[in-house]
Structure formats: C-alpha cells, structure tokens
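Hi everyone, thanks for making time this morning.

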Amino acid sequence: MKFNPAKALEKSASIGSHRGVNHMINDSATYTFESGEQMTACFNGELEGAYLYSRHWNPTNFALSKSLAAMEGTEAAWDTGSGMAAITNAILQVCNAGDHIVSSVSSYGGTYAFMKFYLPKFNIHTDFVNITDLDAVEKAIKPNTKILYTESLTNPLLQVADIPALRKIADKYQLTLIIDNTFTPLIISPIQLGADIVVYSLTKFVNGKNDTTAGAICASLDFINSLIDLNDGSSMLLGGVLDSIRAANIHKNLFTLPIRMKKHSENAMFLAQKFKDLGLRTVYPGLPDHPQHELMKELMNPEFGFGGMVSIDLETPERASKFMSLMQDSGVGYLAVSLGYFKTLFSNSGKSTSSEVPEETQRDMGLSPGLVRYSVGLDHDIHESYKVIEECYKKL
Ligand SMILES: *Cc1c(COP(=O)(O)O)cnc(C)c1O
C-alpha cells in the first residue's frame, strides 16, 4: 500500500505525561543522575532512554522528532533551531574536506551561499546544475563527489526534481541524496521516492505561524545518532538545537498541516489559473503548461494538491515593487520573505531570498528580475482576494 504521510503523522500522536493531550514542555537544560556511575554510563551511551543535556536530547524535542520521522517514514529525526542549521549540519556530517557536491542552482539563497562561498574554506566545492537536466547532473559528478542536493520543488524557479531518477544516479556513483522538502511537506515524500536524507525549514509551512525559525533532519537512526555523537557529531558540536518551548508549539501546529496544505494548494491553484488568464507569465506545478507538470503528478500524494507557491513575471524589479506595495496597501497580504503563513506573502526573489546568487547566474538560470513569488495564504474567499489583486495589476 502507498505510504500516506498524513495518516502516519496522525498515528504518531500520543498521550503526554499526566495524560495531557499535548506533550509537557520539558523546561530543563540539564538532567540529574542518581550516582556518578550512572552519569558515566550515560556519557558512554550505555544508559537507554536517559537524558543528559538539552543540546543532546530533550523529551519535548524528542516527541516532535518522532512525529516528523513518522510523517517522512524515516527511522528518526532531529530538530534544529533553523532550516539553515538542518541543512548545514547534514552536509557537514556527510562531507569531509576535499569532497565535492553537485547541487541544483535553483536553491534557497542561504543554501546556495553556504555551498558557494562558505564551504570552499574547508576545500569542499560545489558544482551547480539545472536539476531537471539529468545529463548535466551526471556530467557534473567527479570522483570525489559525495552529495547530490536539491529541493523537491526548487526555490525560486519552482522546478520539480525527479527524485527517483536522481536516486538512480546517486546509486551509480554512491552519492548521498539530500532533499530539502520545505516547499512541499506531505505533497512529496522524498524518502519514499529514494532520498537518503530530508531536510526542512520548519519555519515555513510545517509550523505555519512565522513566529519562530526551526528546522529538521529526517533520516536513518544511524545518521541521526552520528549527528549527535559527543565526539564528532556536527549537530552536537555546532549546537544549533531547537528550544523545547518552541518544539512544543511546532508539534501542536504540525497536526493541522494536512488541512492547511490542502487549503494553500486550493487557493494557489485558483490564483495561478487567474494569473494565466490575465496574460501573465505564471509558474505553478499544477498548471498543465508547467514543464514538469506530468512528473509532479507521478511523484505527489495527490490529496494535498500542488502546493502554495506561485510565481508571476512582472519583468522589472521596479514594476514588481510597485505591484507588491499596491497589494500590501489593499490588504492582499504582506510584502515579506518567508512562506507558509496564513496570510499571503510576496517578494521579488532576485532582490531578496535569491540575492546571494550573482546577477549573472540569476540570468543564466532563467530567473527574471521581475519575478514575484507568492506564498498563497489560507484566504477564506480567494475569489474576493483575486479581485483585489486584479485591481492592483490594472493600476500598474
Ligand atoms: C527558508 C528556507 C530555508 C532556510 O530556513 P531557515 O529556517 O530560514 O533557516 C531553507 N530552504 C528553503 C527551501 C527555505 O525556504
């Protein structure tokens, strides 16, 4: 039977301590032992189920990680203080100095910057490719390549990665396939399609409130344990752990993710069609003219739709800016980066979340300077919202 991420998530809910419907927030950075011998045993990893210190494990973070692992169908998961902590920790755990990465050029700006400008100081170099061009992916692989990296639905171009095909390439050259699933939780289940490691910015759809940054790594138990190894675990030693109070909040929000994703997708599909009717160059994986529309249909869990991200091309940053101000002033949503919020958010990718990518590279990859990226909200009446957007467009 096909894996159902929402069902798996629902099943992961468990009664908290004192029979609370939610898990208790464990408000402790450190934990007590009954004897020195017991503490030594814990440090040596011989004490099952004991907590030592919250940078390592905390019961509240552990409960959240269990639900995230259930949703992805992995053995384990690890919660971090941001999406970037998840991405950097996972990469640094897999790579050694001198290794090489092949990554999608269309990626979150911070991820691109980390690979392009930060990792070279460890002599780790990255070649960036168009991830939908499988020949280009294979040609970029070198004898020292360790990681094949992409987002399932890429930022900002909204390309769909062919994860099963990338798995075949990863097998052929023994690479670790890491997928950032931030744009498509529940819609795409990367592990089921062949990924080794899934990373998330929980800041976005998963938490859905834009009240905190957070991230997660979902993978095998061996990999998660390696991340928190006291001697050489990148999560343990770089210390980007999530705070337990935030973990408890995110855990509660996680259980409404299935209904939220459906609504984001429904509203985004409506807007994408309307934008197209208006004659705008529109990119949305749910539109039949999207280059990977058929692939998306093959890969996705259909009940959650095609996601909440839509982009349109206003050609110049000046027109994009004027349009976004008009929309914000008329209450359509907010001119803000980030995504997955209950209000619609919009930004001009080239000048904001992809500004780390040099202008020449932006041009080469086909990122229009006037691209406006929408994270479509949970609007009760999207028809009404569209009417307001159309009025703004007419004023341009
Ligand atoms: C926002 C984002 C990140 C980074 O997450 P933070 O929580 O801001 O650190 C990584 N990948 C994608 C696709 C994102 O949208």
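The chain splits into domain 1, residues 5–254, and domain 2, residues 258–394, with bounds taken from an automatic or database domain assignment. Before I go on: this is a predicted model, where local features need pLDDT of at least 70 and side-chain atom pairs count only at pLDDT 80 or more, while totals for chains, interfaces and linings use all residues. Residues are numbered from 1 along each chain as its sequence is written, and side-chain values use heavy atoms, with hydrogens and water left out.

So, how do the two domains meet? Their centres, taken over C-alpha atoms, are 27 Å apart. In contact, meaning heavy atoms within 4.5 Å, are 39 residues of domain 1 and 41 residues of domain 2. Together the domains bury about 3200 Å², and 70% of that is on carbon and sulfur atoms; buried area here is the accessible area (1.4 Å probe) that two parts lose on being put together, summed over both. On the domain 1 side, Leu-158, Ile-187 and Phe-205 provide 23% of the area buried against domain 2, more than any other three residues.

Now look at which elements of domain 1 face its partner. Those giving two or more residues to the side that touches domain 2 are α1 (5–12), α5 (109–118), α7 and α11 (244–254). The largest share, five residues, belongs to α5. Helices (H or I, at least four residues) and strands (E, at least two) are DSSP runs, numbered from the N terminus.

Let's turn to the sheet. Seven strands make an open, mixed sheet, ordered β1-β7-β6-β5-β4-β2-β3; two strands pair if DSSP finds at least two bridges between them. At the edges sit β1 (76–80) and β3 (125–129), each pairing on one side only. Neighbouring strands are turned by 20° against each other on average, direction ignored; axes are lines fitted to C-alpha atoms, for helices over the stretch in contact, and angles run from 0 to 180 degrees between N-to-C directions.

Zooming in, β6 (197–201) and β7 (215–219) pair antiparallel over four bridges, and Ser-201 has Gly-215 in β7 as its bridge partner. Helix α4 (83–94) packs on the sheet, touching strands including β1, β6 and β7, and its direction makes about 155° with that of β6. Helix α7 (163–173) also packs on the sheet, touching β4 and β5.
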